[in-house]
Structures are given as C-alpha cells and as structure tokens.
Amino acid sequence: MTDSFRKNFLYLLAALAFVLTGGAAAQSNQPLLPAPGGSDSVQFLPVDEAYRQDFLFDAQGVSAIFQIAPDYYLYREKLALYRLDGEEKTPLPLTLPDGEVIWDDYFEKETEVYRLQLEFPIDLGDSSGPVRVEMHYQGCADAGLCYPPQVRQFTLDPTSGSVTPADSSAPPAATGARRTAAGGSAGMALPLALLLAFAGGLLLNLMPCVFPVLSIKLLAVSQAAKHANQRHHHGWAYSAGVVLSFVLIAALMLALRAGGEAVGWGFQLQSPWLVAALAYLFFTMGLSLSGVTEFGGSLMGVGSSLSAQRGLRGSFATGALATLVASPCTAPMMGSALGFAVTQPAAVALTVFAALGAGMAAPFLLLTYIPRLTEKLPRPGPWMDRFKQLLAFPMYLTAIWLLWVLGRQSGSDGVALVLAGAVAIAFALWLWPRPLESQNKWHWGKGATALLALAFALLLLPRLTTVQQPTTIAGGSYWQPYSADRLSAARSEGRPVLANMTAAWCITCLANEKVVLSSDEVSEAVQQLGVVALKGDWTNQDPQISALLAKYGRTSVPLYLLYPAGGGEAKILPQILTREGLLAALNAAAQSQLSASEAESDDKLPL
C-alpha cells in the first residue's frame with residue numbers, strides 16, 4: 001500500500017471519527033489546527049486577555065496602547081483605525097513603530113508583528129468633544145492559534161480623558177479558526193449564512209460545474225414514476241442523496257482541517273486516485289446505458305425491470321454522484337456562506353452545508369411536484385431504451401474530462417494506467433455472465449476471469465502519484481505562476497495585480513478563461529495598464545493558494561482578486577466574469593497609479 005493510498009484511507013477514518021464524535025473537538029475553545037509540534041493540551045487566552053487595549057491622554061495628544069500577552073503577537077498589516085461620524089467612516093493615519101519580522105508559516109511569507117507592548121499616537125484632528133473611533137486588529141499565538149479579525153469601537157473624550165467602549169463591541173470569543181476572511185464573514189449571522197447557502201445551491205444548478213452531471217439529472221427525471229406518490233418518493237430520494245453527500249463531504253473536509261490539512265471545498269478532486277475512480281465509474285455507467293452490460297443497473301435505477309425499491313436507491317445514488325462531481329466549484333453567494341461555515345463549530349458548519357445541498361436539490365424536487373411536466377412526457381415505450389442509450393455519451397464525455405484532469409495531476413503515465421484499467425473493466429463487464437446465460441448458475445471460468453480483470457483495474461489506483469505540472473497560460477504570455485513572493489513584490493512596486501485562482505477540475509474557471517481571460521481585449525488591457533497577472537493552479541494541493549483562499553473567506557475556486565495600484569485592499573471579482581466588467585475593473589485599479597504619477601509630476605513643477 002503506497003503512502004498516498006494509506007493517507008486517503010486515514011482521511012476516511014478521520015471523517016468517520018469526526019461524525020461519530022459530533023465534532024466535539026471543533027465545538028470546544030481549542031484551535032481547529034493544533035500547534036505545529038506542540039501539545040494538544042495548550043490552553044489559549046480569550047482574545048481580550050491576549051490583547052488588552054488602553055488609551056493614554058497627555059499634552060501631546062492621544063495614544064493607543066496594546067498590552068500583548070507573552071507568546072502572542074499582533075499583525076502590523078491588520079491594524080487600522082477609523083473615525084466614526086454618524087454613518088460615515090473615515091480612516092485615520094497611523095504612525096507605527098518598526099516591528100519584528102517573522103516568517104508566517106500559514107501565508108508562507110515574511111510579515112511584521114508586534115510583541116509585549118505596542119504604543120502609537122492617534123490623530124483625532126480638531127476635536128473639542130467626544131470622538132467615536134473603530135479599531136481593527138488581528139493576532140496569533142506562537143503555539144498555532146490565530147484569532148479572527150477583531151473590531152472594537154470606543155468613544156474618546158480628550159477633554160475629560162475618558163474612554164467609553166461601545167455597547168455593540170462585546171468581545172467575541174476566539175473561534176480557534178486558523179484563518180477567517182479578511183474583513184470578513186466571521187461576523188455573519190447564521191440565518192443569513194443559511195439563506196446565502198440555499199441561494200448558492202440554487203444557482204449551482206446553473207453553473208458550468210454541473211454540465212457533467214446534467215445527464216445524471218435527466219436519468220433521474222426519466223425514472224420518475226407516473227404515479228404522484230412514486231414521483232415524489234424519487235424526488236425526495238434524490239434530494240436526500242444530494243444533502244447527505246454535501247454533509248459527508250463537508251464533515252470529511254472539516255476533519256482534515258482539524259488534522260492540520262490545508263484543504264478546501266472540492267478537495268476530493270485533488271486526489272488522483274479518486275479522479276481515476278470517478279472516471280472508471282462514469283465509463284462503467286456509459287457501458288451500462290449503452291447496453292453492453294447490466295452491471296450497475298441498481299446504481300442508475302433505470303429500466304422497467306427494476307423494482308420500486310431499487311429505483312429509489314438509484315435516485316439516492318444519482319443525487320450523491322451529482323454532488324460528488326458538481327461540488328468542487330462555488331456559485332455566487334455560496335463563497336461567503338462557506339467561508340463563514342468553516343470558522344464555526346461542527347454542528348453549525350454542517351447545517352450550512354446541508355442548506356447548500358437543499359438549494360441544489362430543490363429545483364428537481366419541485367419538478368416532481370409539477371403534474372404538468374409529467375403529462376408532457378411521452379408514454380413509456382421503446383423510446384425510453386433509445387433515450388437511455390443516448391445519455392451514455394455524456395457519461396463518456398465526463399470520463400474524458402476526468403482523464404484530462406488526471407493528466408494535469410499525474411501526467412501521461414497516470415492517464416495511461418487508467419486507460420489500461422478502463423480496458424480491463426470493459427473486458428470484465430463483457431465477460432461477466434449474463435442473467436439469461438447463467439440461469440442462476442455461476443460460471444467459474446468467466447466469473448473468475450472477470451473478477452481478476454476488475455481487481456487489476458482497482459490495483460492500478462494506488463500507483464497513481466501527483467506530479468508537478470507547469471502552470472498553463474491561457475490567452476497569452478502575460479500570466480505568471482502565483483506565489484506570495486510575486487504578489488508582495490508587485491504590490492511593493494505599486495502596480496495593479498490580477499490574481500486568478502483556478503483548477504483543472506473547475507469548469508467555471510475554464511469557461512471564464514476561455515471566454516474572458518483569453519480574449520484579445522483583456523490581454524491588451526493587462527499589458528497596456530501594466531497589470532501583473534498571477535495565476536494559481538489549485539488542481540493539486542498548494543498551501544500558498546489555500547492560504548490566499550482562506551484569507552479572503554473562500555474555501556474553493558474560482559477566486560479572482562484585483563489589487564489596486566498604489567496599495568489598498570483587493571477587490572473580489574464575480575465568479576462569472578464578463579469582458580466589459582473585467583475591463584472596467586482593470587481600468588479602475590490602474591487609475592490610482594495614474595493619479596499618483598500625476599500628483600508626483602505636479603509636485604515637481606517650478607513655482
């Protein structure tokens with residue numbers, strides 16, 4: 001058994017343990033990720049004990065003070081201060097001392113932090129009365145816990161030297177999440193997260209990610225019985241398969257994250273052996289639909305010979321398979337909900353994922369309750385067999401797509417192994433005794449040979465390994481492989497940056513690259529505006545990309561970030577790109593650079 005196969009097996013055991021224990025570890029105040037090389041018994045301070053805030057009033061003005069507990073630190077880049085005037089929020093300039101430069105293991109870059117004590121002046125301007133301010137900060141412990149970004153509001157009165165905390169700034173407890181959205185989704189309410197997850201699940205049906213499973217849904221529709229009760233049962237069975245699969249995949253993801261793995265939504269297709277197994281499955285289903293064999297009929301639940309019970313099992317399995325293939329991508333409104341979910345206790349997180357699955361299953365379930373749809377379907381007859389054979393071809397195309405993804409992960413050698421396994425499966429199914437031929441008797445010769453061929457195909461899976469593939473360039477040579485160092489270097493130069501986080505198994509990403517990012521208009525704009533274009537390929541696991549996704553509250557791709565020239569927070573672009581929208585965003589991001597250049601030129605003009 002190879003290390004990769006053993007690792008995946010342990011992942012499955014971890015998921016079962018996580019579900020059976022109810023995620024108790026994640027519901028406690030302990031960090032979701034244990035300290036590297038540390039002890040699981042480490043007790044972390046509440047956030048307001050780790051970072052005590054105070055303000056000093058003297059003749060020089062007002063200063064903010066942080067008393068930082070030993071073995072804890074604050075990020076310099078996360079510190080921000082705003083003045084609140086009604087609904088208006090004005091950033092205040094900060095004059096910060098030099099901090100300690102450390103290597104951040106999570107972001108894999110050098111960053112500046114403060115320890116023990118931090119004091120810096122606050123410029124409140126010409127204020128004769130009380131002033132409301134809002135403080136933003138984030139810190140971590142050396143033992144491995146990173147608190148979510150914190151926001152505190154205070155009313156400062158320089159005249160009386162008093163400080164009044166805002167009633168709405170009750171300190172939240174540390175969630176133990178290794179990282180949450182920058183600015184983020186940590187403060188999102190559960191009802192809003194459930195609503196966004198359900199809406200994202202609805203929209204997931206319209207995403208290109210679902211294209212490979214459209215034929216599966218058509219099969220589910222075709223098997224829906226004429227009688228209303230049976231039709232409803234099929235709808236609920238399919239919905240149960242979708243929702244339960246979402247919850248199980250989420251539980252496995254949370255278990256792996258609790259074990260220290262930097263994984264996100266869609267991680268299952270980062271495993272070459274699972275991609276190969278799915279390719280086998282879709283190829284086998286295609287052969288079954290083509291009439292080569294009846295093997296797998298109970299999975300599909302199609303055909304007049306199947307009983308009602310087997311048909312319901314088929315609807316359930318259809319929903320599970322649709323989820324497995326369609327889940328890696330994220331739909332609009334889905335990203336922020338999942339970003340919230342992964343920072344919550346297990347019960348809350350799984351509830352959000354269940355809402356996502358309910359949203360994806362809702363349209364099909366609704367169709368089973370529309371009598372007019374059933375009335376328009378042709379009566380059962382020979383057409384159903386022809387229709388079943390027609391739906392085999394999308395299955396073959398899906399298998400080809402999975403082989404292409406496998407090629408990006410394991411190279412041509414991996415594809416060759418899986419093709420050899422597919423031939424062995426086809427041989428085994430061709431050789432397998434037919435029900436009419438066997439007459440309830442086992443043919444030892446044919447049966448044993450078929451089983452050996454199937455065993456050969458399965459034994460090839462552990463031999464698949466992940467190989468490093470060069471980042472593909474879509475639509476021109478302006479793309480550079482993403483790295484945190486390249487991003488920091490481009491930002492330090494004051495240039496606008498377009499970051500494209502993608503994966504070969506994300507069909508939405510591929511559609512955006514083909515239609516928008518590879519267009520001549522976008523390529524010319526990137527080069528003319530001096531935009532640094534960075535592309536991160538998450539087809540295989542990449543901790544740097546996982547860190548960037550987590551920073552912006554995302555658990556999967558696509559993620560498109562546009563950093564403005566001259567500094568400032570990144571803008572998260574829509575997951576479905578348009579040429580006009582992207583070109584407008586690129587021009588806006590470059591304007592700050594042009595404005596800064598014009599201001600510098602004006603300063604140099606003689607008086």
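1. Basis. The model is predicted, so local features are reported only at pLDDT of at least 70 and side-chain atom pairs only at pLDDT 80 or more, while totals for chains, interfaces and linings use all residues. Residues are numbered from 1 along each chain as its sequence is written, and side-chain values use heavy atoms, with hydrogens and water left out.

2. Salt bridges overall. The whole structure holds 11 salt bridges. The term covers a side-chain nitrogen of Lys or Arg within 4 Å of a carboxyl oxygen of Asp or Glu.

3. D98 and R76. These two side chains form a salt bridge, with N to O at 4.0 Å. The pair links distant parts of the chain, 22 residues apart: D98 sits in the loop between β5 (88–91) and β6 (100–104), and R76 in the loop between β3 (72–75) and β4 (80–85). Helices (H or I, at least four residues) and strands (E, at least two) are DSSP runs numbered from the N terminus. D98 is exposed, at 72% relative accessible area, whereas R76 is partly exposed, at 26%. Here buried means under 20% relative accessible area, exposed means over 50%, and partly exposed lies in between, with a 1.4 Å probe and protein chains only. R76 and D98 also belong to a network of salt bridges that takes in E112.

4. D537 and R408. In this salt bridge the closest N and O atoms are 2.4 Å apart. D537 belongs to strand β15 (residues 532–537) and R408 to helix α14 (residues 392–431), so that distant parts of the chain, 129 residues apart, are linked. Both D537 and R408 are buried.

5. E521 and R579. A salt bridge joins these side chains at 3.7 Å, N to O. Because E521 is in helix α19 (residues 520–528) and R579 in helix α21 (residues 579–604), the pair ties together parts 58 residues apart in sequence. E521 is partly exposed, with a relative accessible area of 40%, and R579 is partly exposed as well, with 34%.

6. Packing of α14. Two packed helices are described by the angle between their axes and the distance between the axes. Axes are lines fitted to C-alpha atoms, for helices over the stretch in contact, and angles run from 0 to 180 degrees between N-to-C directions. α14 and helix α16 (residues 444–459) pack at about 160°, with their axes 8 Å apart, and are therefore roughly antiparallel. The axes of helix α7 (residues 272–289) and α14 come within 6 Å and cross at roughly 30°, so α7 and α14 are roughly parallel. The cut-offs are under 35 degrees for roughly parallel and over 145 for roughly antiparallel, with 65 to 115 as roughly perpendicular and the rest as oblique.

7. Handedness. α14 passes α16 in a left-handed crossing, while the crossing of α7 and α14 is right-handed. A crossing is left-handed if the near helix is turned anticlockwise from the far one by less than a right angle, and right-handed if clockwise.

8. Nonpolar surface patch. L244, L248 and F316 make up a nonpolar patch on the surface, with about 260 Å² of accessible area together. Patches consist of residues with over 30% relative accessible area and no salt bridge; like charges are joined within 9 Å and nonpolar side chains (Val, Leu, Ile, Met, Phe, Trp, Tyr) within 5 Å. Accessible areas come from the Shrake-Rupley method with a 1.4 Å probe, and for residues only the protein chains shown count as cover. F316 lies in helix α9 (residues 308–326) and is partly exposed, at 34%.

9. Positive phi. D71, a residue other than glycine, has a positive phi near 70°. D71 is in the loop between β2 (61–68) and β3 and is exposed, at 54%. L116, not a glycine either, has a positive phi of about 65°. L116 is in the loop between β7 (109–114) and β8 (117–122) and is exposed, at 53%.

10. Y72 and Y114. Y72 lies in strand β3 and counts as buried at 7% relative accessibility. The C-alpha atoms of Y72 and Y114 are separated by 8.7 Å, although the two residues are 42 residues apart along the chain.
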